[in-house]
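I set out to record what I looked up in this model, entry by entry. The entries begin with a term and then turn to the chains.

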Amino acid sequence: MAQKSTSLNILQVGDSANITGLDENPLSLQLLEMGFIPGEQLTVTGFAPFGDPIRLRLQGFELCIRKEDAALVKVELI
Amino acid sequence: MYSQGRCGLGKSGIDLILKKLALIGNPNCGKSTLFNLLTGLNQKVGNFPGVTVDKLSGNCKIEGEDYSVIDFPGTFSINPKSPDEEVVFSVLSQPTHPDFPDLVLLIADASNLKRSLFIATQVIELGLPALLVLNMTDVAEKNGIETNVELLGNLLGISVVKISARNQTGISELNKAIASKGFSSSKTFVNLKLIDNGLSGRVMELNHFQNEYAAFHYLNHFSEKGNKTEEEQEIEQLIVSERYDAKLMQRQEAILRYRAVNDVFTQTTKAKPVLKSSISEKLDNVLTHKFWGLLIFAVLLFLIFQTVFNLSRLPMEGIDTSMSILRSIVSHALSPGLFTNLLVEGVLGGLTGIVIFIPQIALLFGLISILEESGYMARVSFLMDKLMRPFGLNGRSVIPLIGGIACAVPSILAARTIGSRKERLLTILVTPLMSCSARLPVYSLMISIVIPQGYFLGFIGYQGLVLLFLYFLGLIAALVVAAILNFIIKNDVRRHLFVFEMPEYRLPRLKAVGITVGNKIKDFLTEAGGVIMAIAIVLWALATFGPETNFRNIEQKYTVQVQTNQLDSATAIANIKAEKLEASFAGIMGKSIEPILKPLGFDWKIGIALITSFAAREVFVGTMNTIYSVSDSDTDQKLLERMKSELRPGTNKPLFDLATGFSLMLFYAFAMQCMSTLAVVKTETKSWKWPAIQFLYMGALAYLASFVAYSVLK
């Protein structure tokens with residue numbers, strides 16, 4: 001399967017992806033500290049009732065992130 | 001006030017220095033559970049010096065020695081991103097800080113070790129004496145996660161103790177470890193290569209830092225410094241010449257630290273792959289479902305109101321009855337006079353007004369803490385975020401708003417978890433519109449008077465339905481006002497992240513709920529209780545005293561009437577009381593605002609209650625009690641019946657009809673009648689501007705709503 005580069009906010013429920021990097025942004029530090037480290041794998045597990053935020057599994061725990069913040073996370077679909 | 005800092009020798013010569021334990025860890029790592037376990041009901045809320053962040057501390061005895069335990073706000077990193085997290089950094093980075101700990105208990109979630117180790121290694125690297133408390137070992141075991149404690153201790157360079165705060169296992173081992181002393185930590189996990197350029201060496205030298213990591217944080221926060229000393233100017237020049245980029249360095253630290261942590265994690269921890277999806281996942285598929293999730297949330301809210309309203313009725317009636325028995329015993333036992341009057345009407349009356357709250361506070365905080373304990377509250381934030389955004393709020397605003405149903409004061413403090421300044425300010429400004437528990441006695445009283453008992457569809461009580469309407473009204477008003485203010489208040493310079501963990505669902509434990517409820521009641525009794533009692537006594541004085549000549553004239557008038565047999569003495573006494581109240585200072589105040597209140601359907605007695613309610617809403621019921629027992633000779637008749645039989649002046653229709661009842665309830669729904677809330681808003685926003693705006697807009701809203709309701713319904 002061909003690998004596809006995109007950002008986290010584009011993924012669909014059930015999609016798994018590897019984090020490839022974070023945008024140059026002052027907010028990126030907090031994302032890094034929450035575990036959004038390049039090389040880690042994540043899986044989108046759901047969306048909130050109105051389509052946003054995203055629910056995802058990262059490093060064995062469940063996180064919730066707004067789509068606009070998820071846009072900072074660059075990923076490669078697995 | 002918390003004062004067991006470094007106070008040295010006390011007056012008696014006994015050493016009063018308490019060893020300080022700091023609890024540091026991620027949110028949801030069981031930190032608070034351990035804190036409750038160590039301190040129980042022996043907790044107090046204070047402030048960290050110089051900042052408004054709440055300091056939850058408590059004393060405990062471990063192996064015969066007294067300790068002061070501080071529960072620090074949960075955080076993922078010591079790099080601060082909110083005022084709460086700033087406290088963690090400022091205390092841990094300054095050995096001279098009065099709250100600087102003698103020992104840091106690093107609380108790690110054994111079922112989620114990797115992320116717990118991030119902040120743990122930061123604290124270790126700062127060189128603080130630390131002990132790793134591996135909590136939630138029961139959950140980890142169930143999930144097939146095994147950790148080699150000995151190896152973990154070696155790799156981290158500190159002792160590790162396995163516990164489960166929920167099951168209370170490993171606590172005696174923890175106590176022994178705390179008492180064993182001799183802690184030190186000196187491991188380095190991240191090589192930042194700062195020494196090479198000499199910058200950190202110079203910083204360490206000038207600031208007497210023991211390690212490079214402290215210098216690193218000093219450099220990262222350097223740009224926030226105001227007036228710089230000569231030495232600091234030297235550092236500033238070095239920063240420029242070495243092209244030190246704090247933001248880049250922090251990001252690099254995070255990546256390197258995660259690698260180091262990952263290394264420790266993979267060496268020490270073995271996790272069996274879990275094949276079937278966990279219970280939490282299954283629950284989330286339903287509870288965060290776009291239809292079922294919202295429906296369940298709505299049903300839960302409905303159940304909470306019905307429970308609080310219905311279950312609290314019986315104990316409240318019990319309190320009411322026993323207090324009135326106590327009052328009549330006291331008034332019969334003592335000789336009549338001013339002192340007896342003060343004791344029975346002022347002090348015991350005020351006490352009733354305080355104690356009567358306990359059932360509602362217990363029920364509401366009980367239910368809210370069950371939701372929080374179970375992990376459901378995080379789902380509420382997730383469910384509601386998109387819905388809250390158009391109003392300028394976010395999912396995190398939901399918890400302060402829901403908390404506002406109990407009390408705006410702690411809820412406004414809870415708004416601190418909102419990173420964005422604007423979203424936080426909006427939440428603070430509208431939270432008092434949510435119907436707090438202090439409004440409930442007013443609502444209950446008015447509902448009992450103007451809404452008939454009886455059931456819609458045979459099981460939904462009309463009275464409960466009206467109450468639900470009032471709560472929804474508060475919510476809608478809060479959202480609409482937030483949306484309007486969203487246009488007026490200017491945007492943040494920088495956007496804030498909305499990212500948080502959804503903890504695994506857990507069965508709430510009754511003991512933890514009990515401790516939360518107990519501490520809430522204690523807070524209420526000591527803080528709001530004092531205000532209510534003071535108001536009750538001031539009110540008693542206002543209603544008992546008045547201009548001398550007016551009082552004398554009333555007595556003379558009736559003395560003559562009794563002497564000439566125009567009136568029997570019992571009626572005369574009743575009339576004297578009624579007229580004296582009218583002539584009292586309280587009566588004068590109530591009457592002077594009557595013209596403004598008439599369009600709302602209120603008389604001067606309600607006017608008096610509105611004046612006293614500006615201290616706290618619940619004082620309304622106490623005032624009504626005082627007013628109606630002072631002006632009525634029949635002391636055995638209950639307030640309810642007295643208010644029902646009150647006639648509108650100049651008519652023989654009841655004063656408290658549907659129109660006045662709704663008008664009054666709406667006034668209380670919207671008006672800013674709480675000194676404590678205004679005080680908290682002032683400390684949280686650090687200016688009188690916002691509480692003033694809040695007071696005015698809520699007052700205007702209340703007057704308008706009451707006016708419309710009365711005009712339509714009368």
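I count a salt bridge where a side-chain nitrogen of Lys or Arg lies within 4 Å of a carboxyl oxygen of Asp or Glu. By that criterion I find six salt bridges between chain A and chain B. One of them links the side chains of A:Arg66 and B:Glu423, at 4.0 Å from N to O.

Conventions. The model is predicted, and I note that local features need pLDDT of at least 70, that side-chain atom pairs count only at pLDDT 80 or more, and that totals for chains, interfaces and linings use all residues. Residues are numbered from 1 along each chain as its sequence is written, chains are lettered from A and ligands numbered from 1 in the order in which they are written, and side-chain values use heavy atoms, with hydrogens and water left out.

Interface, extent. I looked up contacts (heavy atoms within 4.5 Å) and found 34 residues of chain A against 40 residues of chain B. For buried area I take the accessible area (1.4 Å probe) that two parts lose on being put together, summed over both. Between chain A and chain B this area is about 3,600 Å², and carbon and sulfur atoms give 61% of it. A:Glu33, A:Phe50 and A:Arg66 supply 20% of what chain A buries against chain B, more than any other three residues.

Interface, strand pairing. Helices (H or I, at least four residues) and strands (E, at least two) are DSSP runs numbered from the N terminus, and two strands pair if DSSP finds at least two bridges between them. I find S5(A) joined by three bridges to strand S12 of chain B, residues 499–501, in the antiparallel sense. Within S12(B), B:Phe500 is the bridge partner of A:Cys64.

Chain B, strand S4. I call a residue buried under 20% relative accessible area, exposed over 50% and partly exposed in between (1.4 Å probe, protein chains only). In strand S4 of chain B, residues 65–71, five of the seven residues are buried, so the strand is largely enclosed by the rest of the structure. S4(B) pairs with strand S1 of chain B, residues 19–25, in the parallel sense over five bridges. B:Val69 in S4(B) is the bridge partner of B:Leu21.

Chain A, A:Val75. I located A:Val75 in strand S6 of chain A, residues 73–77. A:Val75 is buried, with a relative accessible area of 1%. Leaving out residues up to four places away in sequence, A:Val75 touches several residues, among them A:Leu8, A:Leu11, A:Ala17 and A:Ile19. A:Val75 and A:Leu32 are 43 residues apart in sequence and 14 Å apart in space, C-alpha to C-alpha.
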